[in-house]
Amino acid sequence: MAAKPIYRVVFHQQGEIWELYAREIYQSELWGFIEVEEFVFEDGSKLVVDPSADRLRHTFDGVKRSYLPLNAIVRIDEVEREGPARAVKSEGRIAEFPRGPLPPPRGER
C-alpha cells in the first residue's frame, strides 16, 4: 500500500506567513474554508530547535482539525517528506483573493 501523501500548507496568520505539513487536506463543508488534518512535525528531540517551529508545534498540539479561510492560503504543495514548520514575519504585500459581497446581517434580510 502506498504511503499517504504529505502536503505543505503556506498561509497568512496575523502578520506572519506560516508553513505547516499535513497528511489530509480537503474542501470544507463550511463555505470558504479548507480543512487541514493530521499535522506532521519534525522530530522535536534534535539538539538545535527552531523557536518558531517549536511555537507552531505547541500551537497545534492536540488540534484534530483546522479550518483555514481560502483567502489566507498562499499555496498548497504535495511533497515527498515533511520539513520544518515555520512562522516568519510577512515582509511583502500579498493581495487577498477577491471575494463576493457579504450577505446582509440576519436582522436586515
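I start with a turn. Strands E2 and E3 form a hairpin with five residues between them, and glycine 32 in that turn has a positive phi of about 85°. Strands here, marked E and at least two residues long, and helices, H or I and at least four, are DSSP runs numbered from the N terminus.

Before going on, some ground rules. This is a predicted model, in which local features need pLDDT of at least 70 and side-chain atom pairs count only at pLDDT 80 or more, while totals for chains, interfaces and linings use all residues. Residues are numbered from 1 along each chain as its sequence is written, and side-chain values use heavy atoms, with hydrogens and water left out.

Now the whole chain. It has one helix and six strands, in the order β-β-β-α-β-β-β along the sequence. Of its 109 residues, 29% are buried. Buried means under 20% relative accessible area, exposed means over 50%, and partly exposed lies in between, with a 1.4 Å probe and protein chains only. Among contacts between residues at least 6 apart in sequence, 62% join residues at least 24 apart; a contact means heavy atoms within 4.5 Å.

Back to strand E2, residues 16–27. Which strands pair with E2? Strand E1, residues 6–13, runs antiparallel to E2 and is joined to it by seven bridges. E2 and E3 (residues 33–40) are also antiparallel, over six bridges, and E2 and E6 pair in the antiparallel sense over four. To count as a pair, two strands need at least two bridges found by DSSP.

Arginine 8 has tyrosine 21 in E2 as its bridge partner. Glutamate 16 is partnered by lysine 89 in E6, and glutamine 27 stands opposite isoleucine 34 in E3. E1 and E2 form a hairpin as well, with two residues between them, and glutamine 14 in the turn has a positive phi of about 50°.

Next, the rings. The structure holds three aromatic pairs. In one of them, phenylalanine 11 and tryptophan 18 sit edge-to-face, 5.9 Å centre to centre with 65° between the planes. The rule is that rings of Phe, Tyr and Trp (its six-membered ring) pair if their centres lie within 6.5 Å; planes under 30 degrees apart are stacked, over 60 edge-to-face, and the rest tilted. Tryptophan 18 also pairs with phenylalanine 60: the centres are 6.0 Å apart and the planes at 80°, so this pair is edge-to-face. Tryptophan 18 lies in E2 and phenylalanine 60 in the loop between helix H1 (51–59) and E4, so the pair ties together parts 42 residues apart in sequence. Tryptophan 18 counts as buried because its relative accessibility is 9%, and phenylalanine 60 does so at 11%. Ring pairs link Phe11, Trp18, Phe39 and Phe60 into a cluster.

Is serine 66 buried or exposed? Serine 66 is buried, because its relative accessible area is 12%. It is found in strand E4, residues 65–69. Leaving aside neighbours within four places in sequence, serine 66 contacts Ile34, Glu35, Val36, Phe39 and Phe60.

Glutamate 82 is in the loop between strand E5 (73–79) and strand E6 (86–89). With a relative accessible area of 29%, glutamate 82 is partly exposed. Glutamate 82 and tyrosine 21 are 61 residues apart in sequence, but 6.1 Å apart in space, C-alpha to C-alpha. Tyr21 is one of the contacts of glutamate 82 beyond four places in sequence, along with Ile6, Val40 and Glu42.
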